[in-house]
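Let's take a walk through a protein model together. Please have the sequence and the 3D view open side by side.

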Amino acid sequence: MKVMDEKLSVVGCGYLGVTHAACMSSLGYRVVGVDTDPVKIAELQSGKLPFYEPGLDTLLAQEMKSGRLSFTTDVLAVTDADVHFICVGTPQSKDGLAADLTYVKSALAAISPFLKKGSLVVGKSTVPVGTAQSLREELAKTAPHADLAWNPEFLREGFAVEDTLTPNRLVVGVANDLAEDILKKVYKPILDLGTPWIRADLPTSELVKVAANSFLATKISFINAMAEVCEAAGGDVTVLAKAIGYDPRIGNKFLQAGIGFGGGCLPKDIRAFMARAEELGAKQALEFLREIDAINLRARLRVIDVVRSELSDDLSQYKIAVLGATFKPDSDDVRDSPALDIAAQLNAAGAQVVVTDPQGIEPARKRFPNLEYALNVNDALKDANLVLHLTEWKEYRQIDPAAISSLVKNKIIIDGRNMLDRDLWRKAGWKFRALGRTD
Ligand code: UDX
């Protein structure tokens, strides 16, 4: 493989940073990943991925072996690099809806003294609109020989490598042609695949990301609102979603009704967007996102209502098996996971809750040490009065309901993701309930 001339640094080695670093290295760049967490860096240095992401473990090992990719806690290592990607987290702040920008600001401050002439800092973190401009002004004071651009990231967990190497578009926020040229050069191998390139100003590039996530969140809450109406009217939301999805203007993606969205992005991004709009005097424009958030959180309560209607208001005598802890399948991420939130609420209501998950047990245990965990489905189901399907892992769709019938006390399953084969479960004698379906 041709080794590229430009050297890259990636600051922040979390989900986004490690994926970006490994993928850019696979394109032929020499990449150094920097993070302040020595434990994370030690793991990465030994070629081990600190989280679960299909395909990324092998890519990481391969790129480490190639000698192009390295990781360090020493910020001095960025000195050599021509382009610096900032990939640190922007979590929801502890005291409100807004995003916490501490890590972005400190990352920029940390690398500023080491930026060489003509180098470009490229923010990839999701930030409130206006951040890039103010960081650029800051950089003009501390390192006037460097520039700053923004390049939002749209990768989905579970598809991180694919979304990075073959994204459906590349969006860059730049203040001048030079910054665009540098980014075009860096992304040439991806652009050569025919990937659409969108040049925007700095604020628009920041907005693209939060607008995209708001739209996705809106689609999910829309279908979950339809689920509520279907329940009230005796309809079936899965049939409704299929029917409206055939209209290409609507599309059939992101219309899976169930317990709603979670994870490290959608919930916090819509909240931070509302907070920022309010600061900008555009609060009213995003009022609808408050409702999107409320519908989403209500889906979690609705599933608990179904549990109570099947068992009793008093759950203290019942054992509930929960299939799924992560916020989505093919991930070990339990941040704001609807599945775990529901499990914890049922536990708080007095039920004995046993959670299982193919990848998420350890991260879940860290967050909710009081819940019970089982390493496999059979152990989780043992003597359960009710089974909840809350994360749509493929292995759960492959469960043979007849084969597990003898494990449980009561054959009742609630499909919180509308993904299981209702007829199959019913044929095996199970009582099958789902959100948004009255039958
Ligand atoms: C999201 C965006 O998709 C991605 O572009 C952005 O870069 C980061 O945020 P991700 O958080 O990985 O990605 O998850 P996503 O696949 O969008 O799913 C988010 C949540 O919505 C999950 O909890 C999922 O279970 C839920 N969901 C998704 C539904 O409830 N119904 C659907 O139809 C689709």
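A few ground rules come first. This is a predicted model, in which local features need pLDDT of at least 70, side-chain atom pairs count only at pLDDT 80 or more, and totals for chains, interfaces and linings use all residues. Residues are numbered from 1 along each chain as its sequence is written, and side-chain values use heavy atoms, with hydrogens and water left out.

Let's begin with strand E1, residues 7-11. Helices (H or I, at least four residues) and strands (E, at least two) are DSSP runs, numbered from the N terminus. Strand E1 is mostly covered, since four of its five residues are buried. Here buried means under 20% relative accessible area, exposed means over 50%, and partly exposed is in between, using a 1.4 Å probe and protein chains only. E1 runs parallel to strand E2 (residues 30-34), and five bridges join them; two strands count as paired if DSSP finds at least two bridges between them. If you look for Lys7, you will see Arg30 of E2 opposite. To get from E1 to E2, the chain passes through helix H1 (residues 15-26) in a right-handed β-α-β crossover. Right-handed means that, with the strands pointing away from the viewer, the path from the first strand over the helix to the second runs clockwise. E1 also pairs in the parallel sense with strand E4 (residues 83-86), over four bridges, and there Ser9 has His84 as its bridge partner.

Now move along to helix H9 (residues 202-233), where Met226 lies. Met226 counts as partly exposed, because its relative accessibility is 24%. Setting aside residues up to four places away in sequence, Met226 touches Val237 and Leu240, where contact means heavy atoms within 4.5 Å. Thr131, by comparison, is 95 residues from Met226 in sequence and 36 Å away in space, C-alpha to C-alpha.

Phe254 has a phi near 60°, a positive value in a residue other than glycine. Most residues other than glycine have a negative phi. Phe254 is partly exposed, with a relative accessible area of 37%.

Is Arg300 buried or exposed? Arg300 is buried, with a relative accessible area of 2%. The side chain of Arg300 makes a polar contact with that of Asp341 at 2.8 Å. Such a contact is a pair of N or O atoms within 3.5 Å; within protein, one must be able to donate a hydrogen and the other to accept it, and residues adjacent in sequence count only if both atoms are side-chain atoms. Leaving aside neighbours within four places in sequence, Arg300 is also in contact with residues including Ile259, Phe261 and Pro338.

We now reach an open sheet of six strands, with parallel pairing and the order E11-E10-E9-E12-E13-E14. Strands E11 (372-373) and E14 (431-434) stand at the edges with a single partner strand each, so one side of each is left without a neighbour in the sheet. Further in, E9 (residues 319-323) and E12 (residues 386-389) pair in the parallel sense over four bridges, with Val322 opposite Leu388. Helix H13 (residues 338-348) packs on the sheet, touching E9, E10, E11 and E12, and its direction makes about 160° with that of E10. That angle is taken between N-to-C directions on a scale from 0 to 180 degrees, with axes as lines fitted to C-alpha atoms, for helices over the stretch in contact.

Strand E13 (residues 412-415) is covered on both faces: Ile412 and Ile414 on one side and Ile413 and Asp415 on the other are all buried. In a regular strand the side chains alternate between the two faces of the sheet. E13 runs parallel to E12, joined by three bridges, and Asp415 is the bridge partner of His389. E13 also pairs in the parallel sense with E14 over four bridges, and Ile414 stands opposite Arg433 there. The chain crosses from E13 to E14 through helix H18 (residues 422-427), and this β-α-β crossover is right-handed. In the loop between E13 and H18 you will find Asn418, whose phi is near 50°, a positive value in a residue other than glycine. Asn418 is buried, with a relative accessible area of 8%.
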